[in-house]
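Work through the exercises below with the sequence and the model open beside you. Try each task before reading its solution.

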Amino acid sequence: MKKVAAFLTAFTVFVIIAVALHVTAVKVQPTENRDFGYWISSAKDSSYELLAKNIGEKTALYMGSSEFHHGLKHSYNPSNLFRKTDLDLMCLGAAFNQSLTHAITVGAVGPKLTNKKVCLILSPTWFYKHRSKQAGREFLLRYSSTCFDKAMENDKLSAETREAIKTRKELLLGESGGKSDVKAISKALGKEKDIVKTSCMWIGNRGAEGTGHRGDGAKDEPVKLDFSSLREEVESYGTGEGFTNPYNMEDRIFNRKFKIGLDGYKNKNANLSFEESGEYGDLQIFLDVCKEQNLDVLLILQPMNGKWYDYTGFTAEKRHVVSEKIGKIAADSGVKLCDLTNEEYTEGFFEDAVHPSKKGWVIINEKAYDFFNS
C-alpha cells in the first residue's frame, strides 16, 4: 500500500507541475513580438502556432543551421547586428536543421509572409555523401509535426510538392532509429508540447534587448548598417594574437578541440565526397516550396576552412563539387545564389573548421542585408 500511495503522490505532484508549467507557458507566449524573431533557439521553429503569432507584415525569413549559435556574444551575429536595424527577421536554425526541415517550415508559414523574402544559409557539410546514412536521426531532432501538418494544408503547394515532402519525411523518420510509427512520433512532438517547451524557454529570454512588441516603438532609432566600416573593423581579425595556429582557426577553439591528437587528423577526410547526397533533392524541394508561394529566395553557400580541410585530405577540388552542384540547382530553379566558397582561405573567416567568426559573419550578413533591403 505504501508503494501505491507513494506512486499516487508522485503522479499527483507531476500533474500539478505539468499543469502549472502549461498555464505559465500560455501566459508568457510571445505574440507580435519582434524580439522572438531574433531569439536564437533550437526550440523556436518547432511550434507553428508561435511562429505564426510572431510573423508581422514586414517579417522575412533568415534560415540556416548551427552557425546561428556561434558568435552570440559579439555584435556581428545576425541576432545582434540586425536587431539594431529596422529589418524584421525571423532567424531559424540550429544544429541538424537542413533543407527539408526548412522546406516544411516555409510550407507552413508561407501564407503568413507578406514580405516574400527568404534567405537560406547552406552548409556544405549537409551534402556529405556519408551523411545520408545519419540523415534520419538528424531530421528527427528538428522535425516539427505542427509545421508539417500546416504545410500539408497549404493549398498554395502543389499536390506533387506536398507528396514529395511527405514521402521524404516518412523515409527519414523510418530511418531515424526511433519509433517507426509516424503517428506516435507526431503525437510526441505535437502542438501542446511544442508550445509549452518553446514558451518555457522563452521565459528565460525575456530580458533580451530589442524593440519588443511591434507598434510599441523602438527603444533606439534603427540604424542603417555601413558594411564598409564593418569590414574595416574586422579587417585585421584572423592575424596575430588569438590566431597563432596554422589552420586559420581561433586559438581558443583549436587548442580545445583539435590540438590534442592533431596527427590523427592528417588525411582523415581523404574519402569524403559531395558527389552524391539526398540533400540535393531536399534542397530542390525547398526551392519548389518557395517558388509555388512566389517567395524571393537567396541561397548563401558557406565556405569550408580550406587550410584545415587541405590538412585532413579533403582537397579543394573535392570540396568544390558541392559548389558546382548547388550552382546548377539554383540556376535551373531561377534563384539567386551567393557562393562564398572563394573565401575558404580568407584569414579570420572561421572560428573553427566550418563556423564563421566575426569576419565571416560580416561577409555573410552583408549579402543577406543587401538582399533583404533590395
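The model is predicted, so local features need pLDDT of at least 70 and side-chain atom pairs count only at pLDDT 80 or more, while totals for chains, interfaces and linings use all residues. Residues are numbered from 1 along each chain as its sequence is written, and side-chain values use heavy atoms, with hydrogens and water left out.

**Exercise 1. Give the strand order of the open sheet and find its edge strands.**

Step 1. Helices (H or I, at least four residues) and strands (E, at least two) are DSSP runs, numbered from the N terminus. Two strands pair if DSSP finds at least two bridges between them.

Step 2. Five strands make up the open sheet, in the order β2-β1-β3-β4-β5, and their pairing is parallel.

Step 3. β2 (88–92) and β5 (336–339) each pair on one side only, and these are the edge strands.

Step 4. From one strand to the next, the twist averages 20°. Axes are lines fitted to C-alpha atoms, for helices over the stretch in contact, and angles run from 0 to 180 degrees between N-to-C directions.

**Exercise 2. Are the residues of β1 and β3 buried or exposed?**

Step 1. Buried means under 20% relative accessible area, exposed over 50%, and partly exposed in between (1.4 Å probe, protein chains only).

Step 2. In β1, five of five residues are buried. Thr-59, Leu-61 and Met-63 point one way, Ala-60 and Tyr-62 the other.

Step 3. In β3, six of six residues are buried. One side carries Lys-117, Cys-119 and Ile-121, and the other Val-118, Leu-120 and Leu-122.

**Exercise 3. Describe the largest cavity and the second largest pocket.**

Step 1. On a 1 Å grid over the protein atoms alone, a cavity is a set of points where a 1.4 Å probe fits but cannot get out; a pocket is an open set with protein on both sides within 12 Å along at least five of seven lines; lining residues have an atom within 4 Å of a point. Grid points are joined across faces, edges and corners, and a volume is the space filled by probe spheres set on the points.

Step 2. The whole structure holds four cavities of 30 Å³ or more, and the largest cavity has about 80 Å³.

Step 3. Residues lining the largest cavity include Phe-96, Arg-168 and Asp-282. α6 (135–142) gives the most, three residues.

Step 4. Ala, Val, Leu, Ile, Met, Phe, Trp, Tyr, Cys and Pro count as nonpolar, Asp, Glu, Lys and Arg as charged, and the others, Gly among them, as polar. The lining of the largest cavity then has five nonpolar, two polar and four charged residues.

Step 5. The second largest pocket holds about 390 Å³. Of its 23 lining residues, Ser-66, Thr-125, Arg-131, Val-354 and His-355 lie nearest its centre. By class, the lining of this pocket has 10 nonpolar, 10 polar and three charged residues.

**Exercise 4. Why does Lys-359 count as buried?**

Step 1. Lys-359 belongs to helix α16 (residues 358–372).

Step 2. Lys-359 counts as buried because its relative accessibility is 9%.

Step 3. Beyond its neighbours within four places in sequence, Lys-359 is in contact with residues including Val-234, Tyr-237 and Phe-349. Tyr-237 is 122 residues from Lys-359 in sequence, yet 6.7 Å away in space, C-alpha to C-alpha.

Notes:
Contact means heavy atoms within 4.5 Å.
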